Amino acid sequence: MEEARLLITCPDRPGIVAAVSGFLYAHGANITDLQQYSTDPEGGTFFMRLAFTTPHLDLSRPALERAFQDVVASRFQMEWRLTYASEKKRVAILVSKPAHALLELLWRYRVGELSMDLRMVISNHPHHQEEVERFGIPYHFVPVEKGRKEEAEERILALLQEEGVELLVLARYMQILSPRFVAQYPMGIINIHHSFLPAFAGADPYRQAHERGVKLIGATAHYVTEELDQGPIIEQDVVRISHQHSVAEMKRLGRELERTVLARAVRWHLEDRILVHGNKTVVFV
């Protein structure tokens, strides 16, 4: 039995839910989950995620999509997409020396918590090759030499395009991607970083935070845009600390947050739970 996911963004007005559910019922779909949100019922923007199974559909997939556009989507001025759980997204992971976020993703992938087609891991360091290949995943070492960053990006893009990668995950990849590179994957690159920005930028932010006596540390997962670390936020989490925590303990807690926050953001993207609206996200979980 196939699971399908329908995501919708449109101007809010009465009748949207009835029209969508009625259409699917009429064509033999069984709705298993429906979540919705409106920025304002009077003139706002409406968002919906609807999951359904297809045991008795009376139309082929292309015919169902054409009919939905003609009968429902055009009427309500919808931006929409329909995906199928069986069609796993092709994913690549970029990583530098820190391995904690990478290993978390690899483990969750192995045990089936991340439903994706993981095509490769790419790194600007050779350190993780043996470990990654033990998971049966190809590893590509693409060094980024001073003054030759554009060449490295071209090599990475060639690898991604060769495998038809749809989602790129930066699991502590410590290189800034160029606007040209980012433009190839609009809302298709997820990054993770500590949440001290912009207060403690630069080298050793945990030591800076320790010296200022911060009481919360956190991590942020977001989509990558041309503006550094300013893309739509997908997920965040924090942990409380005190004067008793050393810099090393703060870093350990920060790594734990980065692992789990990134994994949640990736899973939500894979399960089509995220709608982007301007520089914000609507996440149905």
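Visitor: Where does D272 lie?
Guide: D272 sits in the loop between α8 and β12 (274–277). Keep in mind that this is a predicted model.

Visitor: Okay, and what's its phi?
Guide: D272 has a positive phi of about 55 degrees, although D272 is not a glycine.

Visitor: Is D272 buried or exposed?
Guide: D272 counts as buried, because its relative accessibility is 2% and the cut-off for buried is under 20%.

Visitor: Switching to helices. How do α3 and α8 cross?
Guide: Helix α3 covers residues 100–110 and helix α8 covers residues 247–270. Their axes come within 9 Å and cross at roughly 45 degrees, so α3 and α8 are oblique to each other. The crossing is right-handed.

Visitor: Which residues meet there?
Guide: From α3 you have H100, A101, E104, L105 and R108. They meet R255, E258, R259, T260, L262, A263 and V266 in α8. By class, that contact has 5 nonpolar, 2 polar and 5 charged residues.

Visitor: You mentioned R255. How exposed is R255?
Guide: R255, which lies in helix α8, is partly exposed, with a relative accessible area of 36%. R255 and H193 are 62 residues apart in sequence, yet 9.6 Å apart in space, C-alpha to C-alpha.

Visitor: What about α1 and α2, at what angle do they pack?
Guide: Helix α1 (residues 16–26) and helix α2 (residues 61–76) pack at about 165 degrees, with their axes 11 Å apart. Angles over 145 count as roughly antiparallel, and α1 and α2 are therefore roughly antiparallel to each other. Here α1 passes α2 in a right-handed crossing.

Visitor: Which residues make that contact?
Guide: On the α1 side, I16, A19, V20 and F23 take part. On the α2 side, look for L64, A67, F68, V71, V72, R75 and F76. By class, the contact of α1 with α2 has 10 nonpolar, no polar and 1 charged residues.

Visitor: Now the inside. Which residues touch the most other members of the largest nonpolar core?
Guide: That core has 42 residues, and L105, I217, L262 and V266 touch the most other members. Elements that each supply at least two residues include β5 (90–95), β6 (117–123), α7 (205–212) and β10 (216–223). The one giving the most is α8, with 11 residues.

Visitor: What does V266 touch?
Guide: Leaving out residues up to four places away in sequence, V266 touches L105, L114, L167, V169 and I190.

Visitor: How many residues are in the other core?
Guide: Another core lies apart from the largest one and has 23 residues, among them C10, I16, V20 and Y84.

Visitor: Last one: where is V165?
Guide: V165 is in the loop between α5 (149–162) and β8. At 7% relative accessibility, V165 counts as buried.

Visitor: What's V165 touching?
Guide: Not counting residues up to four places away in sequence, V165 touches R90, V91, A92, R119, M120, L160 and Y185. V165 and M120 are 45 residues apart along the chain, and their C-alpha atoms are separated by 9.2 Å.

How values were computed: Residues are numbered from 1 along each chain as its sequence is written. This is a predicted model: local features need pLDDT of at least 70, side-chain atom pairs count only at pLDDT 80 or more; totals for chains, interfaces and linings use all residues. Side-chain values use heavy atoms; hydrogens and water are left out. Axes are lines fitted to C-alpha atoms, for helices over the stretch in contact, and angles run from 0 to 180 degrees between N-to-C directions. Helices (H or I, at least four residues) and strands (E, at least two) are DSSP runs, numbered from the N terminus. Angles under 35 degrees count as roughly parallel, over 145 as roughly antiparallel, 65 to 115 as roughly perpendicular and the rest as oblique. A crossing is left-handed if the near helix is turned anticlockwise from the far one by less than a right angle, and right-handed if clockwise. Contact means heavy atoms within 4.5 Å. Ala, Val, Leu, Ile, Met, Phe, Trp, Tyr, Cys and Pro count as nonpolar, Asp, Glu, Lys and Arg as charged, and the others, Gly among them, as polar. Buried means under 20% relative accessible area, exposed over 50%, partly exposed in between (1.4 Å probe, protein chains only). A nonpolar core is a set of buried Ala, Val, Leu, Ile, Met, Phe, Trp, Tyr and Cys residues joined through side-chain atoms within 4.5 Å.
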